[in-house]
Amino acid sequence: MAVAVSIWRREAMFLTAMLASETGIVGLNTLFKVATSKGLNSYSFLGYSYLLASLLLLPSHLFSNRSTSLPPLSFSILCKIGLLGLIGSTYVITSYIGVKYSNPTLASAISNITPALTFILAVIFRMEKVRIKERSSVAKVMGTILSLVGAFVVVLYHGPRVFIVSSPPYLKFPQLTPSLASSNSDWIIGGCLLTIRDIFVSVSFILQAHIMSEYPAAFTVSFFYTLLVSIITSSAGLVVERNNPSVWIIRFDITLICILAMGIFTPVYYVIHSWTVRYKGPLYLAIFKPLSILIAVIMSAIFLGDSLYLGCLIGGVLITLGFYAVMWGKANEEKTRLEKENSPRLLNHNEDQS
């Protein structure tokens with residue numbers, strides 16, 4: 001009984017942490033969308049916020065590094081963390097530029113393809129096996145195809161408005177609403193950028209799981225990761241915005257609030273991800289992505305005055321159905337594996353009793 005209670009508490013801890021991280025990242029996307037209308041630049045935002053995140057993680061990194069149970073931080077591990085930082089920089093840049101062109105709801109809808117993309121990469125790297133004669137394998141393949149079709153629907157078909165939510169005036173930003181509307185061309189550009197983001201997110205999940213299996217120190221990995229993302233995004237910004245140095249000037253308005261919020265939340269977000277991927281695996285991170293679209297729709301309607309479009313609704317449903325098909329296939333495989341492992345033990349136990 002005590003063991004069962006302990007397992008439930010552990011699962012509840014992972015569940016609560018992941019729900020909080022998903023809600024937080026959608027909230028930051030919404031805040032970022034508002035701040036961009038006030039002149040916040042994507043590169044300065046990422047450079048400053050990730051620098052703040054690395055500074056907040058520094059004390060934890062120094063304390064955790066004293067642990068004698070950790071393996072030495074080898075050059076090989078540092079190179080892998082460096083590659084993770086490069087991949088992370090690519091997906092955060094494409095993510096926030098994609099949100100700037102579209103909206104947080106589209107970002108959340110497309111992020112639901114992450115489990116399918118992770119599954120494809122896992123098959124390529126032989127981390128997953130596909131057996132056509134088994135229902136679980138068929139479910140994973142069909143779910144992957146369905147998720148990708150849904151992503152194309154969301155990106156390429158805007159469609160008519162399904163409904164418009166009228167939010168209280170004290171919660172909305174009425175002076176920002178007109179400038180936040182996305183044209184059809186911007187919607188497609190944003191959708192393509194967000195799809196590229198999720199390809200890199202899937203790669204980073206697998207790489208992060210590999211790093212954490214070799215060096216299980218969430219604070220240290222997160223510290224080096226956020227520091228590298230700050231350096232890389234700032235360097236990219238200096239090149240792209242070389243003729244516009246004013247983007248690096250911080251104003252004391254919503255842009256500063258956005259940078260501080262991102263800088264404070266980022267360490268928590270990546271430590272949760274590193275901790276979760278170590279104990280639950282990369283696909284567990286993707287389980288919570290369908291929830292983000294519901295959070296994004298509510299937040300975008302309340303704070304941005306966004307409407308829900310038919311294309312986003314249809315694509316979101318297809319992506320979610322595909323996602324749960326993949327997860328059902330994974331759960332079935334896990335159940336079969338546990339039954340095979342327990343069968344010999346049960347047989348031996350019965351023989352001993354007889």
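In the predicted model, the axes of helix α9 (residues 218-240) and helix α10 (residues 254-280) come within 9 Å of each other and cross at roughly 130°. This angle makes α9 oblique to α10, and the crossing in which α9 passes α10 is right-handed. On the side of α9, the contact is formed by A218, F219, S222, Y225 and T226, which meet T266, Y270, V271, S274 and W275 of α10. Classified by residue type, this contact between α9 and α10 comprises six nonpolar and four polar residues, with no charged residues taking part.

The two helices belong to a protein in which 13 helices and two strands are found. Of its 354 residues, 48% count as buried, and the accessible surface of the protein comes to about 17,500 Å², with carbon and sulfur atoms contributing 69% of that area. Among contacts in the protein with a separation of 6 or more, 92% are accounted for by residues 24 or more positions apart.

G316 is placed in helix α13, which spans residues 310-353. With a relative accessible area of 6%, G316 falls under the 20% cut-off and is therefore classed as buried.

Definitions and conventions
Residues numbered from 1 in each chain as written. Predicted model: local features only at pLDDT ≥ 70, side-chain atom pairs only at ≥ 80, totals over all residues. Heavy atoms only, no water. Axes fitted to C-alpha atoms, helices over the stretch in contact; angles between N-to-C directions. Helix = DSSP H or I, 4+ residues; strand = E, 2+ residues; numbered from the N terminus. Parallel < 35°, antiparallel > 145°, perpendicular 65-115°, else oblique. Left-handed = near helix turned anticlockwise from the far one by under 90°. Contact = heavy atoms within 4.5 Å. Nonpolar A, V, L, I, M, F, W, Y, C, P; charged D, E, K, R; others polar. Buried < 20%, exposed > 50% of the residue type's maximum accessible area, 1.4 Å probe, protein only. Areas by Shrake-Rupley, 256 points an atom, 1.4 Å probe, with all protein chains shown as cover.
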